[in-house]
Each structure stands twice: as C-alpha cells, then as structure tokens.
Amino acid sequence: IPEFIYVVPQAPYSVPFGLADEFRWNIDEIDSPTLIKSEKISENYIIELIAHLKHNYKIKEIYLLGLHQGNSVAFDVALNNPGMVNGVVAFGTDYDITKLSDKTFTDAKGLKFYIVNSTKDTYIDQEKCMKIKNTLQEKGFDIVYKELDSQFSITKDALKQSEKWFL
C-alpha cells in the first residue's frame, strides 16, 4: 500500500448560508478586485501549506484535489507555480482557463490532470468545463476526463477511481 499524507485545508472565508456558514476559497459576491485579492490569498495559503509539509515530511509527489470553487485554487497553484505539484484532481470545475498565457502553459508542462464532471451538475458552467478539457488537451497535457450521469460531480466511485490514478 502506498504511503501518503491526505491534507484537507479549510477554505478561509466564512459566508452565511441559510442556518449555518459555508466556507469558500474566494469572495465573489462583492466586486472584481475583492474576488482577485481573495483568490490570491487562498493561493498563497496553499503554497505556504505545501512548503510547510515539504519541510516537515519526506514528500515525493503532491496532487491537489478540488471540488467546484476549490478547483480555482488547485488550478492556480498548479499552473502558476511550475514544479510545485504533480497534478490536479478536479471534480465539477468551471475554472476560467482563458485567463492563462501561453507561457503559463509552457512553464507548466508535465502537470497531470484528472477531471470529473457531471453533466447534470447545475453549479458549474458546462461549456467552461469542456473548454478546460479541450485547452489542456490542445496544449499537450496528460489529462483524464470523465463524465458522470449524476447530479453531483463527486461520487464515492469517482473518488476511488481518482485515487487509483494518482497512487
């Protein structure tokens, strides 16, 4: 059995949601500058966490897993910090891949992507998800893309399959 560390950081922004709060990786309800600043703070939070883990443990490979909004942080960290991580496992993503430059893609060569999308997931923009898949393929990245016929992009079976991919 491969040894690995499974770390689940909590998103830093608490936002009222019904009777309880939900935690988010960015603040997208206010304005664009706030959104951009909150995304950068979240990205730095994960970069610092990775540095801490590498300092304290012998880590061979790092994969970031994201669900919905968490994918923005996973993609930003992976694509904007070449060599920091080995790949991204993304469940239900509609990351804005058009914001990246050709240089970003060139510098990030070698990253692997495992993307799972549910065609019935109303939380994500289906066209953006296909744009991510197509762009990564066109840029020559190692990508596995799976579609689910369920309401949610993450299921027990999909999670187990993703584990097999990165282990």
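Modeller: The chain exposes about 10,100 Å², and carbon and sulfur atoms supply 53% of that area. This is a predicted model, and the values below are computed from it.

Biologist: What secondary structure does the chain have, and in which order do the elements run?

Modeller: There are five helices and six strands. Starting at the N terminus, the order is β-β-α-β-α-β-α-β-α-β-α.

Biologist: Why is the chain called as compact as a globular protein of that length?

Modeller: The globule rule gives 15 Å for 167 residues, and the radius of gyration is 16 Å. The two values are close, so the chain counts as compact in that sense. Along the principal axes, the C-alpha trace spans about 40 × 35 × 35 Å. Buried residues account for 41% of the 167 residues.

Biologist: What share of the contacts between residues at least 6 apart in sequence joins residues at least 24 apart?

Modeller: That share is 65%.

Biologist: How far apart are the mean positions of the positive and negative charges?

Modeller: The chain has 19 positive and 24 negative charges, and their mean positions are 7 Å apart.

Biologist: What makes α2 largely enclosed by the rest of the structure?

Modeller: Of the 11 residues of α2, 10 are buried, so the helix is largely enclosed. Among them are Gly70, Val73, Phe75, Asp76 and Leu79. The cover over these buried residues includes α1 (32-56), β3, β4 (87-91), α3, β5 and α4.

Biologist: Histidine 68 is in the loop between β3 (63-67) and α2. Why is histidine 68 called buried?

Modeller: Its relative accessible area is 19%, and buried means under 20%. Histidine 68 therefore falls on the buried side of the cut-off. Its backbone has another feature: phi is positive, about 50°, although the residue is not a glycine.

Biologist: Which residues of α4 are buried, and what do they pack against?

Modeller: The buried residues are Cys129, Ile132, Lys133, Thr135 and Leu136. Their packing partners are α2 (70-80), α3, β5 (112-118) and β6.

Biologist: Threonine 106 is in helix α3, residues 102-107. Why does threonine 106 count as exposed?

Modeller: Threonine 106 has 53% relative accessibility, and exposed means over 50%. The value passes the cut-off, so the residue counts as exposed. Lysine 133 is 27 residues from threonine 106 along the chain, and their C-alpha atoms are separated by 17 Å.

Biologist: What makes threonine 155 partly exposed?

Modeller: Its relative accessible area is 28%. Buried would need under 20% and exposed over 50%, so threonine 155 is placed in between. The residue lies in the loop between β6 (142-148) and α5 (156-166). Leaving aside residues up to four places away in sequence, threonine 155 touches Leu148 and Ser150. Its C-alpha atom is separated by 30 Å from that of proline 82, 73 residues away along the chain.

Biologist: Leucine 167 lies in the segment after α5. Why is leucine 167 called partly exposed?

Modeller: Leucine 167 has 46% relative accessibility. Exposed means over 50% and buried under 20%, so leucine 167 is partly exposed.

Notes. Residues numbered from 1 in each chain as written. Predicted model: local features only at pLDDT ≥ 70, side-chain atom pairs only at ≥ 80, totals over all residues. Heavy atoms only, no water. Helix = DSSP H or I, 4+ residues; strand = E, 2+ residues; numbered from the N terminus. Buried < 20%, exposed > 50% of the residue type's maximum accessible area, 1.4 Å probe, protein only. Rg over C-alpha atoms; globule rule 2.2 N^0.38 Å. Contact = heavy atoms within 4.5 Å. Areas by Shrake-Rupley, 256 points an atom, 1.4 Å probe, with all protein chains shown as cover. Lys, Arg positive; Asp, Glu negative; His and termini not counted. Charge placed at Lys NZ, Arg CZ, Asp CG, Glu CD.
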